[in-house]
Amino acid sequence: MTQLYDNWSRLLAEIVTPEGRVDYLRLAERREILDRVIADFAAISPDAMPAAFTGEEDHLAYWLNAYNAFTLHAIMDEYPITSVWKTRDGQFFQRRRHLAGGRAVSLDDIEHAILRSRFAEPRIHFAINCGSNGCPPIRPAAFQAEGLRDTLRTATQQFLASEWNCRIDYATRRIYVSRIFKMYAEDFAGVSGTSAEYRLGVLRFVAEHTGVAFTCIADFEVVYNTYDWGLNDSRRVPRLGPILFHESVEHFAEADGGLRELYLYEGNFCNRTCAWCTINGSPKGTYHPYRGAVLDQAVATVAADGNLKFYGGEPTLHADDVIDAIGYVRRRGFSGLISIYSNGVKAAALIRILESDPRSEAVLNYSIYHGRDAEPLADHAKAQLENWAAAHPGRLFQGYKVLFHAGSGTAMAYDRDREAGYHGIATGCVRCFPVLTTAGKFRACPFAAEIDSPHYDLGRVGSDPGQVFENYRHFRKWADDTLDPAARARGVSSCEMCHQHLAELPVPDYAR
Ligand code: SF4
Ligand code: SF4
């Protein structure tokens, strides 16, 4: 089968740069070869001609090569574009436009129904390339069956050698890894049960492919970096800002026995009034100070080594209260991570909060930080935060850019952010961890903290933490069985359903 890939290897050698990026202008000049490659894959596949693909490696090599070739072909149909999310129909991964051995397939079909389903090989994620900067470098030659596992091991090692994909911070005992490890967590954790197993699965995999002893990092936190969806175009340098994004550290897993993460909500009093704010924050908002009983309940409800997230409203407007509250939960035995969600306008106050506790981090509002769809941060505040972030790596991050698809932003159209759909925000409920408000109520969702409805009522101060967790489980099931289907039937996002059509939904059992 090696001759099947001759054209493909020849093309790759011409268009892939030493950094594993793609020279798309050159590829446009070689379009005729690309078309021949695509015709080669259309004519034959392991499914259509099994006798020609004798071993598992033959099958695997074919589908890895086909995925990468089809990706380039789909991009060339739209080029110039700046991201695979900017294609005309927004169906880059879903449209069955590629022929493999005569059968129409989509990129999603190849990745999920074929590569991930048929081969127990997590290293496929470091071999397939979807045309984005966050992907592994594209190989400058076709994958061949012979020695394929060694090739995959080398590709994985190369991927993890980049600090954008794997950085071990021994001082803070954290590992920052590519979001690929979160998107496909089950592929790295084997038979998954708890969120602890997912974490250990990632750590084992990283240890095995970096040469770092697993025992040295076994108790490190795993933090997921942003996925850069910018096109891997050799003529465009990726923009990597000084303040990085990270995903939540904690996750819900079915076998968990309690909450790994809990939001603390002080009200919606804020020095900004963002039109799309999930909780309608404004200077006219409310503020309920932190009380001992609420903080005791929080410590009793979240895992001691989990994650407490302070948000609002704007926490820096009550910086001393937040500092006192952090000190309080520490004295009560909470040893995990503290996250502060802030708009960064009061940069000095935010830094003061962070400096009060070494196990704390802050997450800035994406739109305000970048000045997109919001008044930007003042230059002096931005500079102050960026300087502090540079001196304190891993403590200050930017938030998630598609969150305005939740909350009151649900009714707004943001055409450029189709990736919100990919991350589930524009489609289904994102199932965040619950909230404990400083007024003393557990709510099922941080984006619904201001919706005073029994649908989100998980308990209150004094409730048994086990019962709160059980109620949260039922909430997730309600989101699966009732909320998401109702939203689909109505043709709106699930967040829009919550914010505008909640009365149409039956109240879940736990809240009756
Ligand atoms: S999004 Fe943040 S900064 Fe904007 S109004 Fe809401 S709480 Fe305030
Ligand atoms: S769908 Fe509702 S519960 Fe889910 S994230 Fe959106 S507002 Fe929250």
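Predicted model: local features only at pLDDT ≥ 70, side-chain atom pairs only at ≥ 80, totals over all residues.
Trainee: In which sense do E4 and E5 pair, and over how many bridges?
Mentor: Strands of a sheet pair through backbone hydrogen bonds, and the sense can be parallel or antiparallel. For E4 and E5 the sense is parallel, and the number of bridges is four.

Trainee: Which strands are the edge strands of this sheet?
Mentor: The sheet is open, with three strands in the order E3-E4-E5 and mixed pairing. An edge strand here pairs on one side only. That applies to strand E3 (166-169) and strand E5 (221-224).

Trainee: By what angle are neighbouring strands of this sheet turned against each other on average?
Mentor: The value is a mean over neighbouring strands of the sheet, with direction ignored. It comes to 20°.

Trainee: At about what angle does helix H9 run to E5?
Mentor: Helix H9 spans residues 195-210 and lies across E3, E4 and E5. Its angle to E5 is about 85°.

Trainee: What distance separates the centres of domain 1 and domain 3?
Mentor: The domain assignment places domain 1 at 2-143, domain 2 at 166-224 and domain 3 at 256-511. Taken over C-alpha atoms, the centres of domain 1 and domain 3 are separated by 39 Å.

Trainee: How many charged residues does the shell around ligand 1 have?
Mentor: The residues that surround ligand 1 include Cys 270, Arg 272, Trp 276 and Asn 343. By class, five residues of the shell are nonpolar and four are polar. The number of charged residues is one.

Key: Residues numbered from 1 in each chain as written. Chains lettered and ligands numbered in written order. Heavy atoms only, no water. Near = heavy atom within 4 Å. Nonpolar A, V, L, I, M, F, W, Y, C, P; charged D, E, K, R; others polar. Pairing = 2+ DSSP bridges. Helix = DSSP H or I, 4+ residues; strand = E, 2+ residues; numbered from the N terminus. Axes fitted to C-alpha atoms, helices over the stretch in contact; angles between N-to-C directions. Contact = heavy atoms within 4.5 Å. Domains from an automatic or database assignment.
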